[in-house]
Protein chains: 2
Amino acid sequence: MPISRFYKLYLSPNRKYVKVLKNLLGFVPGNLSLYRLAFRHKSVAQNVKHGVKNSNERLEFLGDAVLGSVVAEVLFKQYPYKDEGFLTEMRSKIVSRVNLNQLGRKLGFEQLIEYDNRILNSGRQGSLLGDAFEALIGAVYLDKGYEFTKNFLINHIIKSHIDIHTLEQTETNFKSKLIEWCQRHGKDISFDLIANQEGESTKLFTIQTSVDGEPLGIGKEFSKKNAEKLSAEKACESLGI
Amino acid sequence: MPISRFYKLYLSPNRKYVKVLKNLLGFVPGNLSLYRLAFRHKSVAQNVKHGVKNSNERLEFLGDAVLGSVVAEVLFKQYPYKDEGFLTEMRSKIVSRVNLNQLGRKLGFEQLIEYDNRILNSGRQGSLLGDAFEALIGAVYLDKGYEFTKNFLINHIIKSHIDIHTLEQTETNFKSKLIEWCQRHGKDISFDLIANQEGESTKLFTIQTSVDGEPLGIGKEFSKKNAEKLSAEKACESLGI
């Protein structure tokens, strides 16, 4: 064992934190301050300089990009005969907030993240874990480089925690998601055809999705079904569900 | 000069193509078939297997991700005191189709891309160059790895062809963009307040943007101005402008 590693794990004043991270990540971290930052939510951040706060949001931006790139390569190689539409959809499923939140929960992030319960309202707590996961990837990247991060993600995260084949089967159906949400919250929902354009051989449908009479999304497609789907997706987006 | 490099540049039957690529990229490519694929538009693609065509679309998916990751790191390091909102916006500007198309034009991609003029309608030709640029990044990545691609992008592309400081100043104003477009095409435009929700201390505005009476986008924000901006952005999106 190299001396620096021995020092970090057994002698340094941070040895407890180093061990927690080693258990979590499977490797001994280099620059500890990056990892501390990755687990610091903006609700406990302080102003550092020029209005920038020492929260994990910048690392999240970087980690999101690195994660997107690694997942793109994994899918590109795993599915040599699938087109880019399939690859894009699979990636969205893997890096969705729902999936990354679950991952953060499985990995035990709740004990590691610093956040202020009073500031955080329950709605926003939802993405706390997924955001920290992305920030952690940003920290690993800055600490160890791309190849290391890629191997870490593939061997430590994707292989053990992400079931790509199950994700392949699940379809994100925004229309049924929205209908269920409205039923649960006692709200009326309607999908109205608000325009209808005829081309030479095609017909373009414009569907507006309204919840309790309020228009929330418009979808324009060459089939009524797809226009509904698209407008439901936009409505889900504006409701944040 | 290593023998393989000498062979590629001066003896191989592909030496002409190798030289063209070397002039374009600044390095001698390894796996030529990747680069040929990057410059093959779907309009000239043939079915390979299981319905997958040998066009540049899969490489574009991969290259888009790698490019996003490299640009994220460049911005993260160049702007240590800017928040993630700024970084996200700057990245969108750098990797926008408009910007990548310009880049492809500057680099002379028009001579390299294989495409079928008859199939391609003028509207879609717009993103031909930018798409090929992303596909090229995917090819470089598979051929040479992440660090090489990153250095290539930074030293050969970003430093010479992208003026980050000018991009920092330009604001994408979707509302004026849409108004100009409507004037040019003789179309009526309206921004209508269609809902108005009052919270405890805030007011939520819902604005619908219509062109020639047809609703194209809805924006919901805490200020009327921002709601208009958002709905104009969505309208631009659905008009493809």
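This is a predicted model: local features need pLDDT of at least 70, side-chain atom pairs count only at pLDDT 80 or more; totals for chains, interfaces and linings use all residues.
# A walk through the model

For bookkeeping, residues are numbered from 1 along each chain as its sequence is written, chains are lettered from A and ligands numbered from 1 in the order in which they are written, and side-chain values use heavy atoms, with hydrogens and water left out.

Asp212(B) sits between β4 (203-211) and β5 (214-221) of chain B; strands here are DSSP runs of E with at least two residues, helices are runs of H or I with at least four, and both are numbered from the N terminus. What makes Asp212(B) stand out is a positive phi of about 50 degrees, although this residue is not a glycine. Most residues other than glycine have a negative phi. Over in chain A, Asp212(A) also has a positive phi, near 50 degrees. It occupies the loop between β4 (203-211) and β5 (214-221) of chain A, and at 45% relative accessibility it counts as partly exposed.

Now zoom out to chain A. Its secondary structure comes to 12 helices and 5 strands, and its C-alpha atoms fill a box of roughly 75 × 45 × 35 Å along the principal axes. Of the 241 residues in chain A, 45% are buried. If you take the contacts (heavy atoms within 4.5 Å) in chain A between residues at least 6 apart in sequence, 49% join residues at least 24 apart.

How do the two copies relate?

One place where the chains meet is α4(A) against helix α5 (residues 84-94) of chain B, packed at an angle of about 35 degrees with axes 8 Å apart. Those axes are lines fitted to C-alpha atoms, for helices over the stretch in contact, and angles run from 0 to 180 degrees between N-to-C directions. From α4(A) come Glu57(A), Arg58(A), Phe61(A), Asp64(A) and Ala65(A), meeting Glu84(B), Leu87(B), Thr88(B) and Arg91(B) of α5(B). By class, that contact divides into 3 nonpolar, 1 polar and 5 charged residues; Ala, Val, Leu, Ile, Met, Phe, Trp, Tyr, Cys and Pro count as nonpolar, Asp, Glu, Lys and Arg as charged, and the others, Gly among them, as polar.

Leu87(A), in helix α5 (residues 84-94) of chain A, is buried at 0% relative accessibility. Setting aside neighbours within four places in sequence, Leu87(A) contacts Leu75(A), Phe76(A), Tyr79(A) and Lys82(A), plus Arg58(B) and Phe61(B) from chain B.

Which residues does the UniProt annotation "binding site" cover? The record, an unreviewed entry, lists Glu60(A), Asp131(A) and Glu134(A); such annotations may be inferred rather than shown by experiment. These residues span 75 residues in sequence, yet no two of their C-alpha atoms are more than 6.2 Å apart, so they gather at one spot. Glu60(A) is found in helix α4 (residues 57-78) of chain A and is buried, at 17% relative accessibility. Not counting residues up to four places away in sequence, Glu60(A) touches Arg97(A), Asp131(A), Glu134(A) and Ala135(A). Asp131(A), from helix α8 (residues 128-144) of chain A, is buried too, with a relative accessible area of 15%. Leaving aside neighbours within four places, Asp131(A) contacts Glu60(A) and Arg97(A).

For helix packing, switch to chain B. There, the axes of α4 (residues 57-78) and α8 (residues 128-144) come within 6 Å and cross at roughly 80 degrees. The two helices are therefore roughly perpendicular, because that label runs from 65 to 115 degrees, with under 35 roughly parallel, over 145 roughly antiparallel and the rest oblique. Their contact has 10 nonpolar, 2 polar and 4 charged residues; among them are Glu60(B) in α4(B), and Asp131(B) and Glu134(B) in α8(B).

Technical notes: Buried means under 20% relative accessible area, exposed over 50%, partly exposed in between (1.4 Å probe, protein chains only).
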